[in-house]
Amino acid sequence: MALCFISIGSNIDKDINIPSSLHALKQLFGELLISSVYQSKAVGFEGEDFYNLIVGFNTNLDVNSVAQRLREIELNHGRCRDSKKFSARTLDLDLVLYDDLILNDGRLQIPRAEIEDYAFVLEPLAEIAPDLRHPISHRTYAEIWDSFDKRRIDQQKVIPEWLNTV
């Protein structure tokens with residue numbers, strides 16, 4: 001079994017798309033470890049605030065099959081695959097970790113650089129997997145979060161009404 005972590009983000013109908021994606025993930029992968037939900041400003045463009053969280057699960061699927069399932073869930077939630085990197089999203093599901101795998105085949109990067117680049121990925125990951133070690137730096141996510149430059153972070157935990165229904 002591989003331990004996977006995915007980042008989830010949405011700023012279009014986020015109160016519909018995120019809980020729906022969590023139900024889809026639970027159907028595919030079973031029990032989910034779910035972080036708090038963080039509301040953050042859009043990065044790289046002007047737009048509605050995002051909800052972001054991290055979800056962990058175990059799977060027998062290989063890394064490419066997991067990534068394919070995530071793309072299918074995104075498409076089922078109205079995601080356009082040809083959208084710009086920094087733009088509004090109905091749903092963004094990024095496989096950020098797959099066990100200790102290190103992979104960069106162009107389309108799939110594991111671990112995702114966003115872990116160390118963006119607070120909306122790192123903070124929820126450090127929350128639910130503080131003692132897990134980054135496969136490249138070998139630092140724990142709690143250590144990485146502790147040393148993260150927090151001066152320009154514009155995010156806070158929120159408790160959406162749907163959180164207790166997933």
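Helices (H or I, at least four residues) and strands (E, at least two) are DSSP runs, numbered from the N terminus. The model is a predicted one.

Q: Why is Asp 149 called partly exposed?
A: The label partly exposed covers values between the buried limit of under 20% and the exposed limit of over 50%. Asp 149 has a relative accessibility of 37%, and therefore counts as partly exposed.

Q: Why does Arg 151 count as exposed?
A: Exposed means over 50% relative accessible area, and Arg 151, at 72% relative accessibility, therefore counts as exposed.

Q: What makes the pair of Asp 149 and Arg 151 a salt bridge?
A: The rule asks for a side-chain nitrogen of Lys or Arg within 4 Å of a carboxyl oxygen of Asp or Glu. The side chains of Asp 149 and Arg 151 meet at 2.7 Å, N to O, and form a salt bridge. The side chains of Asp 149 and Arg 151 also make a polar contact, at 2.7 Å, for which the limit is a pair of N or O atoms within 3.5 Å.

Q: How many salt bridges does the count come to by this rule?
A: The count comes to four salt bridges. One of them joins the side chains of Arg 112 and Asp 94, at 3.5 Å from N to O. Arg 112 lies in the loop between strand E7 (109–110) and helix H3 (114–117), while Asp 94 lies in strand E5 (residues 92–98), so the pair ties together parts that are 18 residues apart in sequence.

Q: What makes Asp 94, Arg 112 and Glu 114 a network?
A: Salt bridges link these three residues, Asp 94, Arg 112 and Glu 114. Besides the bridge to Asp 94 at 3.5 Å, Arg 112 forms a salt bridge with Glu 114, whose closest N and O atoms are 3.0 Å apart. Arg 112 and Asp 94 are buried, and Glu 114 is buried as well.

Q: Why is Asn 17 called buried, and which backbone oxygen atoms does its side chain reach?
A: Buried means under 20%, and Asn 17, in helix H1 (residues 14–29), has 8% relative accessibility and so counts as buried. The side chain of Asn 17 reaches the backbone oxygen of Ile 12 at 2.7 Å, and a polar atom of this side chain lies 3.2 Å from the backbone oxygen of Thr 90. Leaving aside neighbours within four places in sequence, Asn 17 is in contact with Ser 10, Ile 12, His 77, Thr 90 and Leu 91.

Q: How do you know that the radius of gyration agrees with a compact globule?
A: For 166 residues, a compact globule would have a radius of gyration near 15 Å, and the protein has 15 Å, so the value agrees with the rule. Buried residues make up 50% of the 166 residues.

Methods. Residues are numbered from 1 along each chain as its sequence is written. This is a predicted model: local features need pLDDT of at least 70, side-chain atom pairs count only at pLDDT 80 or more; totals for chains, interfaces and linings use all residues. Side-chain values use heavy atoms; hydrogens and water are left out. Buried means under 20% relative accessible area, exposed over 50%, partly exposed in between (1.4 Å probe, protein chains only). A polar contact is a pair of N or O atoms within 3.5 Å; within protein, one must be able to donate a hydrogen and the other to accept it, and residues adjacent in sequence count only if both atoms are side-chain atoms. The radius of gyration is taken over C-alpha atoms; the globule rule is 2.2 Å times the number of residues to the power 0.38. Contact means heavy atoms within 4.5 Å.
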